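Here are my notes on the structure, written as numbered points. Please read them with the model open beside you.

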Amino acid sequence: MSNKWGSLQVLAEDEIPKVVEYLKSDPTVWNLGVLLILQTGLRVGELSALKREDWHGDILKVRRHEVRMKNADGKNIVCVRELAKTEAGVRDIVLSDGGKETLSRLVNRNPNGTYLFENSSGKRIRGNTFNKRLDTVLKKLNMHHRSIHKLRKTYCTMLIDAGCEDAVIMNQMGHASIETSRKYYYFCNRTKQHQAEQIRKAIMI
């Protein structure tokens, strides 16, 4: 794969702090949602289905997700299903300090809501709106477009680059196989300078 194609699959290492800084500087519920995906690797359908009861200190429990389906009248509707997307998707995500801080902000904003992500009228915020929010943020920062799913890939890439154990990566991502994480979710996001430095340290001949 080309570096250019790969660079559009994840945020580059020098883009991540800029995106995080922007999201934290304007902590709307939508920006906090985008930030939480980058901090946890959640699927956007899992994010929009989160409830206050899912957060337990260092752990975020993933037990449900948003789905699109047809109702009895044959009309397409969006609702929350009380099941994870996959069997491996039922998991307890270990939170970073940043993730806990973001969840605390969300709870403080909406202490009595059914869902963590609700608009001012108390209606649950759908997953597709976080995609639109990320697009707006990247445009403001003059960065290439990526879908919200690319933040999930960025999170996985950070875990792998940090040397996390395979079992930890699989649990955090909700993958049944580490091959899924490594083959489909990992992309080199290092700057050219960082890559060159790694090569210099590795090749001493």
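1. Start with one residue and its surroundings. This is a predicted model, and in it Ala88 is in contact with Gly174, His175 and Ala176, leaving aside its neighbours within four places in sequence. Ala88 belongs to the loop between strand E4 (76-81) and E5. Its relative accessible area is 27%, so Ala88 is partly exposed; the class lies between the limits of 20% for buried and 50% for exposed. Along the chain Ala88 and Gly74 are 14 residues apart, and their C-alpha atoms are separated by 30 Å.

2. Strand E3 covers residues 65-70 and runs antiparallel to E4, with 6 bridges joining the two.

3. Next comes the open sheet. How many strands does the open sheet have, and in what order? There are 3, in the order E1-E2-E5, and the pairing is antiparallel. Strand E1 (55-56) and strand E5 (91-94) stand at the edges; each has a single partner strand, so one side of each is left without a neighbour in the sheet. E1 is joined to strand E2 (residues 59-62) by 2 bridges. Across these two antiparallel strands, Trp55 stands opposite Leu60 in E2. As a general point for reading any such picture, side chains in a regular strand alternate between the two faces of the sheet.

4. Now the aromatic rings. The structure holds 1 aromatic pair. Phe117 and Phe130 form this pair, with 5.2 Å centre to centre and 80° between the planes. Why is the pair called edge-to-face? The angle of 80° is over the cut-off of 60 degrees, so the pair counts as edge-to-face. Phe117 lies in the loop between helix H5 (97-109) and helix H6 (128-140), and Phe130 lies in helix H6, so the pair ties together parts that are 13 residues apart in sequence. Phe117 is buried, with a relative accessible area of 0%. Phe130 is buried too, also at 0%.

5. One further ring deserves a look. Arg124 lies over the face of Tyr115, at 5.8 Å from the ring centre.

6. Two threonines can be read in the same way. Thr102 is found in helix H5. At 3% relative accessibility, Thr102 counts as buried, because buried means under 20%. Not counting residues up to four places away in sequence, Thr102 touches Leu32, Leu35, Leu36 and Gln39. Thr102 and Pro27 are 75 residues apart in sequence, yet 9.1 Å apart in space, C-alpha to C-alpha.

7. The other threonine, Thr157, has its place in helix H7 (residues 149-161). Is Thr157 buried or exposed? Thr157 is buried, with a relative accessible area of 0%. With residues up to four places away in sequence left out, Thr157 touches Val10, Tyr185, Tyr186, Phe187 and Asn189.

8. Asn142 is found in the loop between H6 and H7. Phi of Asn142 is near 55°, which is a positive value in a residue other than glycine. Asn142 is exposed, with a relative accessible area of 74%.

9. Last, the whole chain. The protein has 10 helices and 5 strands. For 205 residues, a compact globule would have a radius of gyration near 17 Å, and the protein has 18 Å, which agrees. Taken along the principal axes, the C-alpha atoms fill a box of roughly 65 × 35 × 35 Å. Of the 205 residues, 43% are buried. The accessible surface comes to about 11,300 Å², and 52% of this belongs to carbon and sulfur atoms. Among contacts between residues at least 6 apart in sequence, 64% join residues at least 24 apart.

Note on methods. Residues are numbered from 1 along each chain as its sequence is written. This is a predicted model: local features need pLDDT of at least 70, side-chain atom pairs count only at pLDDT 80 or more; totals for chains, interfaces and linings use all residues. Side-chain values use heavy atoms; hydrogens and water are left out. Rings of Phe, Tyr and Trp (its six-membered ring) pair if their centres lie within 6.5 Å; planes under 30 degrees apart count as stacked, over 60 as edge-to-face and the rest as tilted. Helices (H or I, at least four residues) and strands (E, at least two) are DSSP runs, numbered from the N terminus. Buried means under 20% relative accessible area, exposed over 50%, partly exposed in between (1.4 Å probe, protein chains only). A charge sits over a ring if NZ of Lys or CZ of Arg is within 6 Å of the ring centre and within 35 degrees of the ring normal. The radius of gyration is taken over C-alpha atoms; the globule rule is 2.2 Å times the number of residues to the power 0.38. Contact means heavy atoms within 4.5 Å. Accessible areas come from the Shrake-Rupley method with a 1.4 Å probe; for residues, only the protein chains shown count as cover. Two strands pair if DSSP finds at least two bridges between them.
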